[in-house]
Amino acid sequence: MGITSLRELTGRKGPFGSVYFDSSHETEDAARQLGLRRRSLDEKLSAAGAPASMIRALDGAIAEGPAPRGRAGRALIADAGTVLVDEQLLAPPPRETVRVSPLPFLLPLLELRTPRVPYVLVAVDRVGADLRGDDGFGVVHRDTVQGARHHVHKVGGGGWAHWSLQHRVEDVSRRNTDLVANATVRLADEVGAQVVVLAGEIAARSALRAALPESRWHIADVDTGGRAAGIDSVAMDEQIDRILRTEAEHRRQTTRDRFSAELARPGGLAVQGLPIPPRRCARAIPSSCSSRDRRWANTPSAWEPTPGR
């Protein structure tokens, strides 16, 4: 995303240029196709009344953006000279959209944007953990916990000395787990995590899961990744991505169910339809403001008031 959140975006002054297009990169001539599309978008923005500074800003962002893998879409919103939103979309939009309007056109972005689920990854072993927290908007926080290394492996034997050693091992392991759990809670609170992902040694993961307040987040395990050198980080990131997408869809479905229930309830806290005054929607619970209609070309700009309202 660009420099602003969606909430901040609604407070900026227009006019705004909103562009949604197919940015798929799956053919040999994809670079040439992008060049042709840039020229077409520039012409459409100019015809819609965009100032030259807005056109330059959007064209520069499109040219400099990373090429996606396979089918994808792109969403950009700019004011007179600054790109405020620049996001890769999960899929191409149903149709190319170019608008210049007093307020940003947000409906396609809300429908198609990549799910943003803040999370914490904890790669844990018997003596500590490496933690990575992502706030969902590209800001990454890292932390490392290094506990005690002495007597962290149980040994065979018998008698009082053996019993005492085993208890010291368990005590050290428990203190290490508590250190990691406390660091996990702190980082999860800092990034507003909705998911905590555990990687690393199975026994250490199990102990950490038991020490965490599971009701606060969804806790998931990945069977790849850890603290050891040579870990396949690509495979781990793919598993994390699947976990986050599943969680995002679960939350979306929960929101849809809540919206439907409130819509059906007399006096419920849900409304729908384009005539809704935009400020009323803005004051409502953000997750309850949604669009079920993808025929964007036939609707007024998102957040634009209907005449007479």
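Trainee: Hi! In which sense do strand β1 and β4 pair, and over how many bridges?
Mentor: Strand β1 (residues 16-22) and β4 pair in the antiparallel sense over 5 bridges. Two strands pair if DSSP finds at least two bridges between them. Strands (E, at least two residues) and helices (H or I, at least four) are DSSP runs, numbered from the N terminus.

Trainee: What kind of model is this?
Mentor: This is a predicted model, where local features need pLDDT of at least 70 and side-chain atom pairs count only at pLDDT 80 or more, while totals for chains, interfaces and linings use all residues. Residues are numbered from 1 along each chain as its sequence is written, and side-chain values use heavy atoms, leaving out hydrogens and water.

Trainee: Back to the strands: what is the bridge partner of Ser18 in β4?
Mentor: Ser18 has Arg99 as its bridge partner there.

Trainee: New topic! How many salt bridges are there?
Mentor: A search of the whole structure finds 16. A salt bridge puts a side-chain nitrogen of Lys or Arg within 4 Å of a carboxyl oxygen of Asp or Glu.

Trainee: Which residue forms one with Lys44?
Mentor: Glu96 does, with the closest N and O atoms 2.5 Å apart. Lys44 lies in helix α2 (residues 30-47) and Glu96 in the loop between β3 (83-89) and β4, so the pair ties together parts 52 residues apart in sequence.

Trainee: And Arg74, buried or exposed?
Mentor: Arg74 is buried, at 4% relative accessibility. Buried means under 20% relative accessible area, exposed over 50%, and partly exposed in between (1.4 Å probe, protein chains only). Arg74 also meets Asp86 in a salt bridge (2.8 Å, N to O).
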